[in-house]
Amino acid sequence: MAGDIGDKLSSLGLQEVGKAKNPVSPYRQHIAEKLAPIVDRKVEDIAPLVSWTTSPDKGDLMLPVAAFRIKGKSPQDLAKEIVESFPTGEDILVTASQAGPFVQFFFKPEHLTQVVIPEILKSKNAYGSDPTPGLKDPSDPSQGHKKVIVEFSSPNIAKEFHAGHLRSTIIGGFLAKLYARTGWDVIKMNYLGDWGKQYGLLANGFKQFGSQEELDKNSIAHLFQVYVKINQIKSQQDEPINELKKEIKEKKAKGEDTTELENKLAPLVEASEDEKARKYFKSMEDGDPEALALWQQFRDMSIEKYKKTYARLNIDFDVYSGESQVKQETIKKVLDDLLAKKIAEESEGAILIDFAKHGAKKLNKAVIVRRDGTPLYLTRDLAAILERYETYHFDKMIYVIADQQNEHVAQLFKTTEISGHKDISDRCEHISFGMVKGMSTRKGTVKFLDDVIQSVKDVMLDVMQKNAKKYEQLEDPDAVADILAITAIMVQDLTGKVRNGYEFNINQMTAFEGDTGPYLQYAHARLCSIERKANADLSTLDSADLSLLKEPHAVNLVRALAQYPDVVMNTLKTREPSTVLTYLFKMAHALSSSYDHLQVVGSEPELQKARLALYEAARQVLWNGMTLLGLTPVQRM
Ligand code: ARG
């Protein structure tokens with residue numbers, strides 16, 4: 001029987017998707033073929049309209065009849081007609097029913113089970129991956145794959161790794177995995193904040209309070225200490241300087257003489273850390289080898305440390321780029337071009353772009369060269385976009401940056417567009433996300449990602465120890481707590497819409513109840529435990545008699561498993577991690593309500609084997625979804 005159905009489905013055009021197949025595709029095709037004569041449309045036009053559903057009671061696939069745009073007939077009436085004419089019979093794989101203007105299709109479970117479970121057991125972690133969307137030409141795979149740069153994380157060396165960087169890291173990591181699993185060539189890029197006057201400040205600070213030993217031990221923390229200390233000094237110096245500047249301005253406005261005040265101001269400025277930093281940075285810009293060597297050391301050591309922390313989140317980068325890597329000559333070319341094209345203009349010794357003059361009043365004005373001749377953050381980004389296109393010829397570039405920088409990114413894209421590079425700006429996209437509020441350790445506000453993880457881990461360990469029996473069975477409780485803490489943080493971050501912010505809540509994220517990271521991990525670990533207790537030989541599951549899986553709970557699980565490849569495809573449209581996460585939680589709920597009905601230990605050997613095949617398929621899908629989100633599924637907890 002299983003072979004029969006397999007043959008029938010492949011004759012229906014079960015689509016090859018790399019090594020994995022989407023078990024729903026042949027159903028979609030089957031439905032479209034049956035619908036074609038009823039609605040008098042071509043099969044290829046109907047198939048894309050047959051869409052997935054968000055809950056099983058709405059069918060396995062559905063057709064919004066209004067999409068046919070047939071005049072003179074209400075979608076309700078048409079839906080009714082379609083259902084009445086839809087063929088029935090043994091060889092029809094679905095049943096159709098009407099729900100208002102929709103036709104809902106329900107897969108016949110006998111067929112579905114025989115197709116879905118073997119497919120998952122066979123394609124394993126490839127299930128749900130489909131390289132077609134990333135093909136340059138889907139009808140000719142030899143044309144190769146499209147290229148996407150995902151720029152994310154991008155912290156600033158020597159400053160804190162704040163909540164915005166954490167979110168960018170988590171969301172960007174997810175997007176990179178999503179594109180990779182759907183056939184794109186992905187370049188993961190970290191654009192470090194590693195250039196600017198603050199490196200002059202840092203270097204001078206290091207000369208005063210730095211220690212090479214501390215730097216070797218924990219570069220990021222030490223550099224941050226130095227930075228904070230020198231910044232305090234700078235702020236203290238800034239106060240009287242700013243006072244004087246204000247006084248001078250007021251006097252000037254009244255037309256009074258300011259020579260005396262200016263004489264007082266000059267030596268203060270000259271001796272200030274701010275001025276020293278400016279000079280130091282100038283020497284870096286001018287290529288002074290000694291200044292650059294120290295900066296290079298800070299950068300290299302920081303990257304080494306970042307890499308270790310990123311690895312805890314299952315993230316690595318292909319390119320550590322950064323503001324420092326943007327070539328001066330490209331910056332100069334951009335500036336010359338913007339001036340020549342009259343996009344940028346001089347204003348009081350600085351150079352700026354007035355977007356109102358280019359039909360984008362909302363974007364205000366942006367300075368691109370300071371009065372002292374130095375370029376800015378935006379200027380470097382403008383040059384970087386061109387350099388990246390030149391180097392990678394990307395089909396798409398995604399910037400994962402907090403919504404606080406919406407204006408900056410809009411200015412960047414707009415300027416690129418109007419300066420004659422619309423072909424490039426059209427390929428660029430900003431994934432803008434809302435802020436995390438209240439990210440702090442129990443002791444206070446955090447500075448580094450490792451501190452955040454540690455403080456969640458402390459709570460996680462407390463929660464785990466409440467179940468002493470289980471805790472004792474763990475070989476390495478610390479490692480498990482580490483993974484669970486990271487899962488907790490990431491799941492909380494990935495739960496809401498990307499554009500919405502959220503409140504960082506350690507107690508909530510570490511709870512075992514509710515749709516939390518630990519709950520999801522528990523769903524996976526429980527399946528592992530069932531397999532362990534049954535002493536299952538997973539390699540023999542392909543001979544299981546799946547027709548034994550008749551119970552409504554089993555059928556519903558299979559229906560959910562069938563949806564996973566469509567969930568991934570839909571995620572490529574929404575680019576919302578919550579699309580995957582919501583699915584995984586539904587799956588976890590369906591599983592936990594099934595265990596009592598579908599016991600393994602204690603049932604007949606054949607039934608036991610069939611149920612194990614179902615559970616192993618479910619575990620695989622959880623694993624695939626969790627790793628797509630960047631999580632590390634645990635075996636025990
Ligand atoms: N380093 C910047 C910050 O921390 C983020 C960089 C975002 N990327 C970019 N191409 N501007 O604010």
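Glutamate 346 stands opposite isoleucine 351 in β11. The structure is a predicted model. This briefing covers two regions: the open sheet formed by β10, β11 and β12, and strand β13 with its parallel partners β7 and β14.

**The open sheet**

- Three strands make up this open sheet, arranged in the order β10-β11-β12 with antiparallel pairing.
- Its edges are formed by β10 (344–347) and β12 (365–369), each of which pairs on one side only.
- On average, neighbouring strands of the sheet are turned by 40° against each other, direction ignored.
- Four bridges connect β10 with strand β11 (residues 350–354), and this pairing is antiparallel.

**Partners of β13**

- Strand β7 (residues 147–151) runs parallel to β13 and is joined to β13 by four bridges.
- Strand β14 (residues 428–433) also runs parallel to β13, with six bridges between the two.
- Tyrosine 399 of β13 is the bridge partner of glutamate 151, and tyrosine 399 also stands opposite histidine 430 in β14.

**Burial of β13**

- Strand β13 spans residues 396–402 and is mostly covered, with seven of its seven residues buried.
- In a regular strand, side chains alternate between the two faces of the sheet.
- One side of β13 carries Lys396, Ile398, Val400 and Ala402, and these residues are all buried.

Technical notes: Residues numbered from 1 in each chain as written. Predicted model: local features only at pLDDT ≥ 70, side-chain atom pairs only at ≥ 80, totals over all residues. Heavy atoms only, no water. Buried < 20%, exposed > 50% of the residue type's maximum accessible area, 1.4 Å probe, protein only. Pairing = 2+ DSSP bridges. Axes fitted to C-alpha atoms, helices over the stretch in contact; angles between N-to-C directions.
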